[in-house]
Amino acid sequence: MKTLFRLIWKFIKWTTITGFILGFVASIGVGYYLYELNKELPQNLDELHDPDYTLPTTLYDRHGNQVDEIFIHRRIVVPYQSVPPHLIQALLASEDTRFFYHFGIDPIRMLKAFWVNLKAKRFVEGASTLTQQTARLFLLTREKKLVRKLKEILLALRIERQFTKEEILTLYLNKVFLGNAEGIEASTQGYFGKHTEELSLAESALLVGLLPAPSVYSPLVNPEGAKERRNLVLRRMAAEGFISEEERLASSKAPVRLTKIYDSTSEATAYYVENVRRYLLEKYGADTLYKGGLQVHLAMDLEYQIYSHEALQAGILELSKRQGFRGPLQHLESEGTPSLREISRITQKNQMILGQIIQGVVTQVGKPSTIVHLGNAQGRLEWNHLQTWKLAHKEKDKEAIFVKSPNRLLKIGDVIAVKLIDWDHEAQQFRLHLHQDPKVNGALLAVDPRNGEVYAMSGGYRYDDSEFNRATQAKRQPGSAFKPIVYSLALDAGYKLSSMLVDSPRHYKTGVKLNDLEEETWTPKNYGNKLLGSVSFREALMKSLNLPTIGLAEDLTPKRLISYARKLGIQSDMVANLTLSLGSLSATLQEMTLAYGVFANQGNLVNPIYITRIEDRDGKILESHNSLPKKVIPEETAFLMTNVLQDVVRRGTARRAIGQYFDRPSAGKTGTTNDSVDAWYIGYIPQLLTGVYVGFDQPKTMGKRETGSRAAAPIWLQFMKAATANLPTENFVQPPDIITVKIHQSGRRATPCDPNKETYYEHFRRGSEPPADPSLSLTCGPSEVITESQPENQPEDDLELEL
């Protein structure tokens, strides 16, 4: 028996010694492993002391107004003081009840989680503290491995030694992803349209409830799931004593109300912002653009940009009305009035906000008004409005027609788009305007001609429909808008504003063989086939006559014209033939507008500037931009061209569209291509240069008489009247080497003997004015020379619009 006890004792002794030795060796091994693992971790936690949050790129206009943000996940950093106590309490109740008492890890919770998971034989409950989660968010990946958990524990211990509890919570709340954005402030704004400090108890609980799976429980996609998670957090808050049972019940019954912040400027600025975004992406890369917190200062004037968007949309919608109503979106077939169920299906997404475009169902047609059911309300389309619409012809090539009865436009059961104009309290219904999305499109570009800064750029009717930028990407034929470049070259080549040009028929062989005996002939014509015979240089451009323009190009040669256009910034391809003088090239609105800027800026060419300055997140300037003017033509030529283009507005092709309604000195030129496929108007005052283009993306006629002065100029006028409302009126500066001389209509210097109706004032470069006739001067006296004036007494003409 004693022997047996000795053997048992020896076994116990050696087992204990062996276990101790193995445990000791294992402890050394684990300790050494943890020591080596700790060395792999960041030692000073600089990333937490100065957190490198992913921040959006923010765009500002020239006056410092925020225009937009560019991001993948939005973040706005807020201090701990901005976080309401009930949000902190909700976070603690849900994620870490002993946060303010542990040292970074919670051993009690770890043991409890181990036991729960052991019993369940699967992972059911986690034990990460908020400190551990903060370490994971900033310093680790989300891989589910034991080594990551060990790193997390080591980092949590170190974080607790270097940061206060409040600092840890601030780091966590500004970093965590909540389904729609990163950080508590951006998420609060995205879900509720308010700031973090304004959150209610129920809203705080909902946000915290999203933490386990933000994308799954997001109230945007799963409102019921979000509500269940919210109520679970509220129950935990009550169990921990953070709130009373009454508060829990009240907050649990609160509806989930999400508020989308409507940014009225985002649509207006979309094309400009996208143009800038592409530059930033190419220059700085995706990480810096979407996460680097760049501060980008634009040349944009936000008010001008809004005016641009509104003017372009209004002009295109008016053109669409002239092209005719294309019919309803659909028609509800039913006997009599459509049922409320059918109407509800159509109108369920309507937002009854004045100015909104919504859908409705026609339930009654007649005069003085047509009734439209909008779902929860009714509206009326008054006949006074409907009769301004044309009806599109079923045959595409035929013009739209006005109708004499609303029954020609609409029928009961038609589903149509309408705009909410105002609310009639007496009739308890909305006043409506008929709406249809246009198929035609356009662009507007507004630039400071003195430095190239782009104040406004709208590249299309609506960015959400098409990202194609018609201001910078679309190449279209400018038509007569190109003619000022031809006439400017002629002035530099020695022509004068009083030079007489030939306006007579011309025929040119094209070099294309029709058969063995015949060759194709090009026979250009003026608009309306009118011929004036002999016409002055000024009058030819003012009336946009084609035949004298071709004569100039023939004299100057197309190759010389191409070289001159290049000097003015036109980089698009040009073919060296006479049709170039009538604008047969394809150029962008930006190219053409900046070419006119040379005339507005005393002969200096500037490059377009969209961005004035870029700073990093700390305010360090990364780049700044300004355009150094480059003298490309003499200032005398620029002034003479501007003066003739002022006559285009006062007495020429833009008189009816611009001259009668714009009460300050301006210069400009219309442009229209064959069959009214493209329409242009480019015009300027000394402080502001604006170009407008209108046309289909797939070129086709816009309709008879849809010329530059009818389709494009009204857009220019609406924008410029709004943009110049607070600008001082300035005159174009006359260079010292320009003099004004009274001349006879034959081109010689006028004398006091000449009848006034046969004379007018004209500008000349000093030394190029016609000499006085000595014989006439002796009998009639000396001629009059004025050094600082503009010729205003040109004879008036009743002009037709040009093509």
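First, the ground rules. This is a predicted model, where local features need pLDDT of at least 70, side-chain atom pairs count only at pLDDT 80 or more, and totals for chains, interfaces and linings use all residues. Residues are numbered from 1 along each chain as its sequence is written, and side-chain values use heavy atoms, with hydrogens and water left out.

Let's start with the sheet. Helices (H or I, at least four residues) and strands (E, at least two) are DSSP runs, numbered from the N terminus. Two strands pair if DSSP finds at least two bridges between them. Here, 5 strands make an open sheet in the order β2-β1-β3-β19-β20, and the pairing is mixed. Which strands stand at the edges? They are β2 and β20 (621-624); each has a single partner strand, so one side of each is left without a neighbour in the sheet. From one strand to the next, the twist averages 15°. For angles like this, axes are lines fitted to C-alpha atoms, for helices over the stretch in contact, and angles run from 0 to 180 degrees between N-to-C directions.

Now look at β1, residues 57-60. Thr57 and Leu59 point one way, Thr58 and Tyr60 the other, and all are buried. Buried means under 20% relative accessible area, with exposed over 50% and partly exposed in between (1.4 Å probe, protein chains only). In a regular strand, side chains alternate between the two faces of the sheet.

β1 runs antiparallel to β2 (residues 66-70), joined by 4 bridges. Thr58 sits opposite Glu69 of β2. The two strands form a hairpin with 5 residues between them, and Gly64 in the turn has a positive phi of about 90°. With β3 (residues 295-298), β1 pairs in the parallel sense over 3 bridges. Leu59 has Val296 as its bridge partner there. β3 in turn runs antiparallel to β19 (residues 611-615), with 4 bridges. In that pair, Leu298 stands opposite Ile611.

Next, the cores. A nonpolar core is a set of buried Ala, Val, Leu, Ile, Met, Phe, Trp, Tyr and Cys residues joined through side-chain atoms within 4.5 Å. The largest has 113 residues, and Ile658 and Phe719 touch the most other members. Helix α24 (residues 708-723) gives the most to this core, with 9 residues. Apart from this core lies another, of 41 residues, including Leu87 and Phe138.

Back to Ile658. Contact means heavy atoms within 4.5 Å. Leaving aside neighbours within four places in sequence, the contacts of Ile658 include Val649, Tyr681 and Trp716.

Last topic: rings. Rings of Phe, Tyr and Trp (its six-membered ring) pair if their centres lie within 6.5 Å; planes under 30 degrees apart count as stacked, over 60 as edge-to-face and the rest as tilted. The whole structure holds 18 aromatic pairs. One of them is Phe325 with Trp389, edge-to-face, at 6.0 Å centre to centre and 85° between the planes. Phe325 lies in the loop between α14 (302-323) and β4 (330-331), and Trp389 in the loop between α16 (383-386) and β8 (390-391), so the pair ties together parts that are 64 residues apart in sequence. Are Phe325 and Trp389 buried or exposed? Both are buried.

One cluster to finish: Tyr304, Tyr307, Tyr455 and Phe719 form a single aromatic group.
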